[in-house]
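Let's take a friendly walk through this structure, beginning with the ligand and its surroundings and then turning to a pair of helices.

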Amino acid sequence: MTRSNIIPVPAIPMQAGQIQTRLIDGKAHAARLTAEIELEVAQLAEKHGIVPGLAVVLVGNNPASEVYVRSKIAHTEQVGMRSIAHILPGSTTQQELLSLVADLNADPTIHGVLVQLPLPRGIDAALITSAIDPAKDVDGLGPMNVGLTTLGLPGLVPCTPLGCLLLLRGELGSLKGLHAVVVGKSNLVGRPMAQLLLQEECTVTVCHVATADVGALACLADILVVATGHKGLVRREWIKPGATVIDVGINRVTTPEGRTRLVGDVVFDEAMGRAGRLTPVPGGVGPMTIACLLRNTLTAAQRSLR
Ligand SMILES: Nc1nc(=O)c2c([nH]1)NC[C@@H]1CN(c3ccc(C(=O)N[C@@H](CCC(=O)O)C(=O)O)cc3)C=[N+]21
């Protein structure tokens, strides 16, 4: 028997157990951002008589989407902007949706257009996002804004990745030279996130569903951004001791008591004491997504003056 069999060598360095994980307070970061936005909205009204208008389009009845849309509308009004909800039945055709988007594009009182995803079967999401005027594409998901973001040029940046970036900058300052691992390659989060981190001069690794050993790459990350929608994916061993972990996952689970609650993609209890900083779910990325939507709507309204 070798010595290591008698005295078990801990898989984790001893100090790792002593790490004090700092929770990243997304609500507090979002509140600061929102206060700035509120001020600029007031200035825009005073100097130019403009009230930023956001149109939120929801097709079909997805209970989770309805909650987000209500929340978006409430926040928009809190900062003094106007929001217009278009709630359409699940039977809406692609043509009907395209024609609504065309009307919103032509409406000078609307500065931002957001079509909530996912869309019902039979509607091509890429076609719809492409139809939104790039100047009003506050989700930043259309080809023009995706291109601008990728080139590092000023356009409209997708809200969730922008929110994650602002959290990272706020917590860490410069991200230059850090190794960022992004898990997930969705158009909504993973891909734009990787582009923004590249812009910050991070070394970026993108892992996805076909990656052979995600854990082996994840544990090299100084910054680990997880956006897969798989609860329990990220275990303790996947996290480099002291790393900053951004959990974008939102998964609804039912507790043994029959209540529903939200969990992320990271096993929270295992990340505590291992990560240096960690975003909770809820209260992490979610509030920043909403704040960034308001930021983008304000930006679109400000640019409409030029
Ligand atoms: N075109 C489009 N743009 C989106 O930005 C978009 C979308 N489609 N489809 C769905 C996802 C999801 N999403 C969230 C926004 C806020 C919270 C949020 O505020 N979450 C709170 C908790 C909310 C709760 O308790 O249910 C939190 O994490 O603290 C969550 C999720 C935007 N999305």
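Helices and strands here are DSSP runs, numbered from the N terminus, with at least four residues (H or I) for a helix and at least two (E) for a strand. Please keep in mind that this is a predicted model.

## Around the ligand

The ligand is surrounded by 19 residues, and L117, P282, G283, G286 and T289 are the closest. Two or more residues of this shell come from each of α3 (63-78), β4 (112-115), α7 (159-172) and α11 (285-303). Which element gives the largest share of the shell? That is α11, with four residues.

## How α7 meets α8

Two packed helices are described by the angle between their axes and the distance between the axes. For α7 and α8 (residues 190-199), the axes come within 8 Å and cross at roughly 40°. That angle makes α7 oblique to α8, and the crossing of α7 past α8 is right-handed.

Which residues make this contact? From α7 come P161, C164 and L165, which meet P192, M193 and L196 in α8. The residues of the contact divide into six nonpolar, with no polar and no charged ones.

Note on methods. Residues numbered from 1 in each chain as written. Predicted model: local features only at pLDDT ≥ 70, side-chain atom pairs only at ≥ 80, totals over all residues. Near = placed C-beta within 6 Å. Axes fitted to C-alpha atoms, helices over the stretch in contact; angles between N-to-C directions. Parallel < 35°, antiparallel > 145°, perpendicular 65-115°, else oblique. Left-handed = near helix turned anticlockwise from the far one by under 90°. Contact = placed C-beta atoms within 7 Å. Nonpolar A, V, L, I, M, F, W, Y, C, P; charged D, E, K, R; others polar.
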